[in-house]
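Visitor: I would like to learn how to read the features of a model such as this one, one at a time. Could you take me through it?

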Amino acid sequence: MSGAPQRGGKHPALVHLPFALVMAVVAVGLVRIAMYNWREGSIWIGLALLLAAGLRVLLRDEQAGLIAVRSRVVDTFLYTGFAVMVLFVAITIEGGPLTR
């Protein structure tokens with residue numbers, strides 16, 4: 001695959017931009033977890049999953065890049081479901097070894 005622009009004048013690297021954006025938010029979450037703020041870090045990861053779901057709804061399959069794993073409906077449902085679960089756990093769990 002060459003580095004030349006594809007049809008429509010878009011550079012091939014732009015296809016990976018949604019995945020890079022989601023991973024950047026995940027990286028923020030992992031940094032917060034490493035700083036012993038596990039709840040805030042988990043919330044960032046949940047927000048990254050919601051971002052992936054939103055991007056999957058808004059972008060066509062060709063534009064979604066690596067966040068398009070299955071059909072649009074299944075991807076959106078799973079990303080949203082995992083996001084809700086992660087956010088629920090981050091908000092409701094009390095105590096644990098990482099609490100202040």
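Predicted model: local features only at pLDDT ≥ 70, side-chain atom pairs only at ≥ 80, totals over all residues.

Visitor: Is Val-86 buried or exposed, or does it fall in between?

Guide: Buried means under 20% relative accessible area, exposed means over 50%, and partly exposed lies in between, using a 1.4 Å probe and protein chains only. Val-86 counts as partly exposed, because its relative accessibility is 27%.

Visitor: Which residues is Val-86 in contact with, leaving aside its neighbours within four places in sequence?

Guide: Contact means heavy atoms within 4.5 Å. On that basis Val-86 is in contact with Ser-42, Gly-46 and Leu-49, once neighbours within four places in sequence are left aside. For Leu-49, which is 37 residues apart from Val-86 along the chain, the separation of the two C-alpha atoms is 9.1 Å. Thr-76, which also has its place in helix H4 (residues 72-92), counts as buried because its relative accessibility is 18%. With the neighbours within four places again left aside, Thr-76 is in contact with Ala-53, Arg-56 and Val-57.

Visitor: What does the secondary structure of the whole protein come to?

Guide: The protein has four helices and zero strands, and from the N terminus on its elements run α-α-α-α. Of its 100 residues, 27% count as buried. Among contacts with a separation of 6 or more, 52% are accounted for by residues 24 or more positions apart.

Visitor: At what angle do H1 and H2 pack?

Guide: Axes are lines fitted to C-alpha atoms, for helices over the stretch in contact, and angles run from 0 to 180 degrees between N-to-C directions. Helix H1 (residues 17-34) and helix H2 (residues 38-58) pack at about 170°, with their axes 7 Å apart. That makes H1 roughly antiparallel to H2, a label used for angles over 145 degrees, while those under 35 count as roughly parallel, 65 to 115 as roughly perpendicular and the rest as oblique.

Visitor: How many nonpolar, polar and charged residues does the contact of H1 with H2 have?

Guide: Ala, Val, Leu, Ile, Met, Phe, Trp, Tyr, Cys and Pro count as nonpolar, Asp, Glu, Lys and Arg as charged, and the others, Gly among them, as polar. The contact of H1 with H2 has 15 nonpolar, three polar and two charged residues. The C-alpha atoms of Glu-40 and Gly-29, 11 residues apart along the chain, are separated by 7.1 Å.

Visitor: What is the phi of Tyr-36?

Guide: Most residues other than glycine have a negative phi. Tyr-36, although not a glycine, has a positive phi of about 65°. Tyr-36 is found in the loop between H1 and H2 and is exposed, with a relative accessible area of 58%.

Visitor: Which residues make up the largest nonpolar core?

Guide: A nonpolar core is a set of buried Ala, Val, Leu, Ile, Met, Phe, Trp, Tyr and Cys residues joined through side-chain atoms within 4.5 Å. The largest one has 11 residues in all: Val-22, Val-25, Val-26, Ala-48, Ala-52, Ala-53, Leu-55, Leu-59, Ala-64, Ile-67 and Tyr-79. H1 and H2 are the elements that give two or more residues to this core, and its largest share, four residues, comes from H2. Not counting residues up to four places away in sequence, Ala-48 touches Val-22, Val-25 and Val-26.

Visitor: Where is the place of Ala-64?

Guide: Ala-64 has its place in helix H3 (residues 61-64) and counts as buried, at 0% relative accessibility. The C-alpha atoms of Ala-64 and Phe-19, 45 residues apart along the chain, are separated by 7.8 Å.

Key
Residues numbered from 1 in each chain as written. Heavy atoms only, no water.
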